[in-house]
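Dear colleague,

Here is the structure I wanted to pass on to you. Please have a look at it first; my notes follow below.

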Amino acid sequence: MLRTALTQWQQLAPADRKLDAAARERLASNHRFADRYPDDGLVLAEYGRDLGRPVDEGDWRTQAWNEDQAWFTKAEAASMVPAETTVGAEAQVPRPLVERLARLHLLDFVRGQTPDLPAAAVQTAELRVRVAAVEGDRVHLQLSGRTHSEETGRWIVRDGGKGPEKHTRGVRLELDGHATWDRAAGRFTAFELLAEGERWGATRYNQRADDTAPTRVGFAFVLAPKDHPRVAPSFAWAYGW
């Protein structure tokens, strides 16, 4: 299909390859989720993979990993920092932010796509922040917490197989990490969060039809560098921004 499209494109006259003024104006007014990239907020690159599983060189699923991005506005990022930035001060990251991670990011997407979770599926969503050290305007934070999400539904889990099957899917994780908040700049200059635990169940496109029992899984969130691709989160439409 791509080769055919390229051939047809090359056969077009140069003038026919350009959009007319009306089409350019119409497209310029469109808004995409990527346009909401929070330059002044917090952008985390997310990576997920199975843990502790034997590798089979002939089965790509045993070596699979996947990635996404988690976005936070400037106000959301600031809300993660304890109001009192003295050593030992603690605070809870607002539940809506942790719940958003559990619903939209801490999912069994290692081998492929899987639907997001409804709020009712989130049983636990906790992330605690403790001030570990202060160096001038740099506030070093320790992160710890846990999440547990679980949903029972009916999904087609194997293409070409029988119809929807009743399944319970879920992810239970322990969270641990550290971050550095720059008080003068009003932003994070470092952020690393690990989530490790178990996943179970299957959905249509996440390649778990024969792997529904609980197994270890891990996710890593790291501060995205400035040249990181500005790709909107997979479930950006569910952010509620």
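Start with Trp 65, which is exposed, with a relative accessible area of 53%. The cut-off for that class is over 50%. Bear in mind that this is a predicted model.

Aromatic pairs

The search of the whole structure gave eight aromatic pairs. Trp 65 belongs to one of them: with Tyr 47 it forms a tilted pair, 6.3 Å centre to centre and 45° between the planes. Tyr 47 sits in strand E1 (residues 42-50) and Trp 65 in strand E2 (residues 65-72), so the pair ties together parts that are 18 residues apart in sequence. Tyr 47 is partly exposed, at 31% relative accessibility.

Another pair is Tyr 239 and Trp 241. The ring centres of Tyr 239 and Trp 241 are 5.2 Å apart and the planes lie at 85°, so this pair is edge-to-face. Tyr 239 is buried, with a relative accessible area of 10%. Trp 241 is partly exposed, at 34%. Both residues belong to a cluster: ring pairs link Tyr 37, Trp 71, Tyr 239 and Trp 241.

The sheet

Trp 71 is in E2 and stands opposite Val 43. E1 and E2 pair in the antiparallel sense, over eight bridges.

What is the order of the strands in the open sheet? The eight strands run E2-E1-E8-E7-E6-E5-E4-E3, with antiparallel pairing. E2 and strand E3 (90-92) are the edge strands, and each pairs on one side only. From one strand to the next, the twist averages 20°.

Helix H4 (residues 95-104) packs on this sheet. H4 touches E2, strand E4 (122-135), strand E5 (138-155) and E8. The direction of H4 makes about 120° with that of E4.

Thr 180

Thr 180 is in strand E6 (residues 165-182). Is Thr 180 buried or exposed? At 9% relative accessibility, Thr 180 counts as buried, because the limit for that class is under 20%. The side chain of Thr 180 makes a polar contact with the side chain of His 140, at 3.1 Å. Leaving out residues up to four places away in sequence, Thr 180 touches Arg 138, Val 139, His 140, Arg 187, Phe 188, Thr 189 and Ala 190.

Arg 216

Arg 216 is in strand E8 (residues 215-223). With a relative accessible area of 37%, Arg 216 is partly exposed. Which side chain makes a polar contact with that of Arg 216? The partner is Glu 196, at 3.3 Å. Arg 216 and Glu 196 are 20 residues apart in sequence, and their C-alpha atoms are 7.4 Å apart in space. Beyond its neighbours within four places in sequence, Arg 216 is in contact with Asp 50, Leu 51, Glu 196, Gly 197 and Glu 198.

Gln 207

One backbone angle to check. Most residues other than glycine have a negative phi. Gln 207 is not a glycine, yet has a positive phi of about 55°. Gln 207 lies in the loop between strand E7 (187-200) and E8. At 36% relative accessible area, Gln 207 is partly exposed.

Best wishes

Methods
Residues numbered from 1 in each chain as written. Predicted model: local features only at pLDDT ≥ 70, side-chain atom pairs only at ≥ 80, totals over all residues. Heavy atoms only, no water. Helix = DSSP H or I, 4+ residues; strand = E, 2+ residues; numbered from the N terminus. Buried < 20%, exposed > 50% of the residue type's maximum accessible area, 1.4 Å probe, protein only. Polar contact = N/O pair within 3.5 Å; in protein donor to acceptor, adjacent residues only side chain to side chain. Contact = heavy atoms within 4.5 Å. Phe/Tyr/Trp six-rings, centres within 6.5 Å; stacked < 30°, edge-to-face > 60°. Pairing = 2+ DSSP bridges. Axes fitted to C-alpha atoms, helices over the stretch in contact; angles between N-to-C directions.
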